[in-house]
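Student: I have a structure open and would like to talk it through with you. Could we take it one piece at a time?

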Amino acid sequence: MSLMNNLSTSMISSSSSTFLAPTSFNSRTQSVSVPLKSINIVKCVATPQEQQNAYKTKVSRNANIAKLQAGYLFPEVARRRAAHLLKYPNAQVISLGIGDTTEPIPDVITSAMAKRSHALSTLEGYSGYGAEQGEKALRAALASTFYRNLGIEDDDIFVSDGAKCDISRLQVVFGSNVTMAVQDPSYPAYVDSSVIMGQTGQFQKDVEKYGNIEYMRCTPENGFFPDLSKVARTDIIFFCSPNNPTGAAATREQLTRLVKFAKDNGSIIVYDSAYAMYMSDDNPRSIFEIPGAKEVAIETASFSKYAGFTGVRLGWTVIPKQLLFSDGFPVAKDFNRIVCTCFNGASNIAQAGGLACLSSEGLEAMQEVIGFYKENTKIIVETFNSLGFKVYGGKNAPYVWVHFPGRSSWDVFSEILEKTHIVTTPGSGFGPGGEGFIRVSAFGHRENVLEACRRFKQLYN
Amino acid sequence: MYYSQFLSRVCMPHAVLLQPKESWNSSKSNDEIIVGHCTKVPRNSNLEKLRSGYLFPEISRHESEHLQKNPDASLIRLGIGDTTQPIPDTITLAMAEQVRGLSTIQGYRGYGAEQGNMALRKAIAGKFYQDMGIKANEIFVSDGAQCDISRLQMLLGSNVTVAVQDPSFPAYIDSSVVVGQAGELEEETGKYGNIIYMNCGPENDFFPDLSTIPRTDIIFLCSPNNPTGHAASWQQLKQLVEFAEANGSIIVHDSAYAAYIRDGSPRSIFAIPGAKEVAIEISSFSKFAGFTGVRLGWTVVPEELLYSNGFPVIKDFNRIVCTCFNGASNIAQAGGLACLSTDGYHDLCKVIDYYMENAKILVDGFTSLGWKVYGGKNAPYIWVHFPGMSSWNVFAEILKKTNIVTVPGRGFGPAGEEYIRVSAFGQRQNILEAIRRLNSFL
């Protein structure tokens with residue numbers, strides 16, 4: 001008897017948890033248009049008799065995880081893609097949903113990783129456990145490449161297997177007794193990790209928000225920067241710029257206000273700069289460009305979208321020495337303890353690749369790939385503009401945020417998928433502030449992006 | 001370690017903020033005061049309960065200090081269990097091939113499934129869980145057991161009670177403290193109030209006397225054991241499974257050293273009937289394949305494992321994996337697949353034999369010096385008894401007098417006092433040299 005046998009695991013090549021429906025095992029979850037708002041009850045597909053006889057431990061389920069309303073957003077999107085492919089096995093599905101890089105990694109980077117791999121088979125080149133904080137050379141290269149003249153030192157940098165993992169490790173550092181604020185809409189890992197950690201209350205279905213989280217609405221009307229005068233104090237403020245999903249890049253003036261807000265409130269900003277290299281405008285790439293930020297901010301970043309390392313797994317987090325808890329204890333010290341206890345370092349091969357990324361040749365090569373995706377973004381923006389849509393983002397990030405006023409974003413998602421075989425991401429997956437929007441990601445082979453735009457034109461003309 | 005020294009801080013009210021010092025560095029002395037802005041964010045009280053750094057960075061720190069004082073010392077590292085032998089070619093070739101593929105259109109891979117590549121999951125199921133009814137979709141590939149332990153703790157949350165062996169791999173206790181399960185540290189016993197410590201010593205064949213253990217939700221058991229080296233017998237594991245069944249508990253079975261078993265003891269908890277309803281198993285390529293730096297492991301969560309309300313544990317673990325993790329490196333996974341090929345596995349067994357030959361030399365060496373030695377037969381660790389002596393003192397003496405790094409047993413729990421763990425990873429000549437030095441010293 002398999003609890004999972006009604007879902008196919010073979011269809012997905014990208015990020016997915018296809019064997020799990022959002023919160024229900026019944027067959028209705030195969031339908032693409034099941035709205036996320038509906039309440040589903042967990043049912044085993046076991047027959048009642050078997051279920052009654054199934055042995056249960058006496059361990060209580062973690063009530064925090066039970067608060068989560070559905071699967072993590074991107075596996076959900078993948079599941080619907082899979083279901084669509086089952087329905088239309090010959091469809092030429094184009095994925096502009098999950099922000100997954102598609103272009104090959106430049107040779108200069110992979111040859112360094114190949115070299116490191118081979119070296120592991122030699123006595124001189126073999127290395128075992130690395131420093132949990134990352135290899136010294138890489139930390140130094142990160143400091144000098146991204147934080148030159150910002151007063152960030154090598155040992156303020158912690159190399160990781162990616163920003164998503166770092167977000168959770170930061171939550172473990174903070175614990176359950178802190179309050180947090182997020183942008184609305186925002187990358188779902190901030191809210192979901194907060195729920196898991198026990199920082200939040202229950203999900204409130206009427207407003208589609210978790211209790212105890214401060215949602216900072218970001219809309220076209222406020223230039224996608226929250227009106228801080230309306231934001232209650234929280235301990236932690238998650239801020240992503242350039243923003244996933246809206247593509248908005250905060251200005252120096254806005255970030256200065258944010259830093260002041262954090263300073264006045266004694267808050268800590270967790271600044272997600274994963275898309276900084278996509279910036280076209282002259283906006284700050286690092287929060288540490290703002291004076292005073294070192295006393296109020298942590299910055300997290302990633303090689304995923306710069307180097308196509310989404311599968312290779314490499315990122316970093318910066319915690320300045322000046323960042324202190326209320327009792328004066330340095331945050332970096334606790335983060336270091338977590339890194340040493342709950343982690344064991346990023347893969348040495350990935351780190352060798354990271355170092356190559358930061359050589360002058362590597363940086364040039366990454367800029368080229370980023371430029372390619374930015375050109376994709378431009379094409380998508382132009383397409384939606386020409387169709388009369390209000391389009392946001394796309395200039396400083398590989399995401400285009402398209403407004404469908406008055407419509408449910410999951411409905412639009414489903415309609416686009418059904419009618420054009422294009423996967424996007426429904427805005428409400430990023431929070432209630434995303435309702436009425438669709439995120440179109442610009443990663444893809446050029447011909448697929450062009451074909452997708454042709455199909456959009458057909459659908460919306 | 002940079003932050004092993006505590007610095008006292010003064011937080012000034014905002015009205016009198018002074019310029020923060022720009023050049024803060026770790027060499028400042030203990031009593032230096034730093035003046036600057038303190039946030040109003042309270043420190044996580046769970047982390048305050050950790051009394052010192054994690055054990056192995058502490059060992060590194062002692063090593064560095066010793067080297068600073070004795071720059072010409074020829075250090076032999078039998079402390080941190082770090083593999084030393086090169087990874088067999090078959091495996092690194094596979095990783096290099098995967099890497100080169102990433103530079104091509106056909107070979108490029110972005111995000112993988114967070115649970116791991118299906119081919120690898122199937123290979124793990126086939127190699128290690130044949131005939132145990134464990135399916136590929138019950139296997140979650142990770143970047144190592146240490147990370148999985150913490151993800152499991154996040155899964156379980158702060159409201160569960162845990163039992164650990166005493167002594168045990170420190171990550172179980174430390175992660176339990178971090179997540180808020182452990183209660184306060186009792187200074188006299190050195191034990192956390194809410195954790196049940198299951199004593200493991202020569203008197204009970206290094207397996208807990210379950211008749212004396214109260215019920216906890218979770219039971220961590222490592223076999224073959226780090227640090228004692230004991231591999232639980234079929235009978236012992238059966239008792240454990242029955243104990244868990246009777247108590248409605250979940251066993252977290254750490255099988256990271258299963259490949260080192262020589263005497264036919266079970267290599268997986270799932271060899272025991274009924275285990276699928278009461279156990280999770282974690283494992284690793286680290287000691288099996290020399291992947292300590294490459295980072296690859298896996299966790300098995302059977303579909304049959306249910307919470308008290310009938311909800312499948314696997315479903316929540318999957319949610320954690322999808323939310324707090326983004327999959328192991330695809331390069332490491334390609335290596336993992338090669339490890340499980342016939343050639344790869346065969347080559348790795350030779351490396352394991354090499355380490356176990358080291359272990360034999362160490363066992364014989366200590367035994368011939370008159371010390372009671374445990375382990376070393378089914379695990380790359382030797383557990384040496386120094387009755388009546390403080391293990392940190394013995395550690396320090398050995399380091400000072402012979403330049404050999406070991407690990408004091410106390411680091412693994414109160415019952416580790418009087419013991420030293422010696423790890424068998426290392427170049428053969430270093431192992432032999434270590435025995436020579438110990439002969440003259442001990």
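**Strands, a helix and the interface**

Tutor: Let us begin with strand β4 of chain B, residues 139-142, in what is a predicted model: Ile139(B) and Val141(B) point one way from the strand, Phe140(B) and Ser142(B) point the other way, and all of them are buried.

Student: And which strand do the bridges join β4(B) to?

Tutor: They join β4(B) to strand β12 of chain B, residues 297-300, with four bridges, and the two strands run antiparallel. Within that pairing, Ile139(B) stands opposite Val300(B) of β12(B).

Student: Switching to chain A, how many residues of α3(A) are buried?

Tutor: Helix α3(A) is mostly covered, with 13 of its 15 residues buried. As for its geometry, α3(A) covers residues 73-87 and reaches 21 Å from its first C-alpha to its last, which is close to the 21 Å expected at 1.5 Å a residue.

Student: OK, now the interface: how many residues does the contact take from each chain?

Tutor: The contact takes 119 residues from chain B and 121 from chain A, and the two chains bury about 9,800 Å² between them, 58% of it on carbon and sulfur atoms.

How values were computed. Residues numbered from 1 in each chain as written. Chains lettered and ligands numbered in written order. Predicted model: local features only at pLDDT ≥ 70, side-chain atom pairs only at ≥ 80, totals over all residues. Heavy atoms only, no water. Buried < 20%, exposed > 50% of the residue type's maximum accessible area, 1.4 Å probe, protein only. Pairing = 2+ DSSP bridges. Expected span 1.5 Å × (residues − 1). Contact = heavy atoms within 4.5 Å. Buried area = accessible area lost by both parts, 1.4 Å probe.
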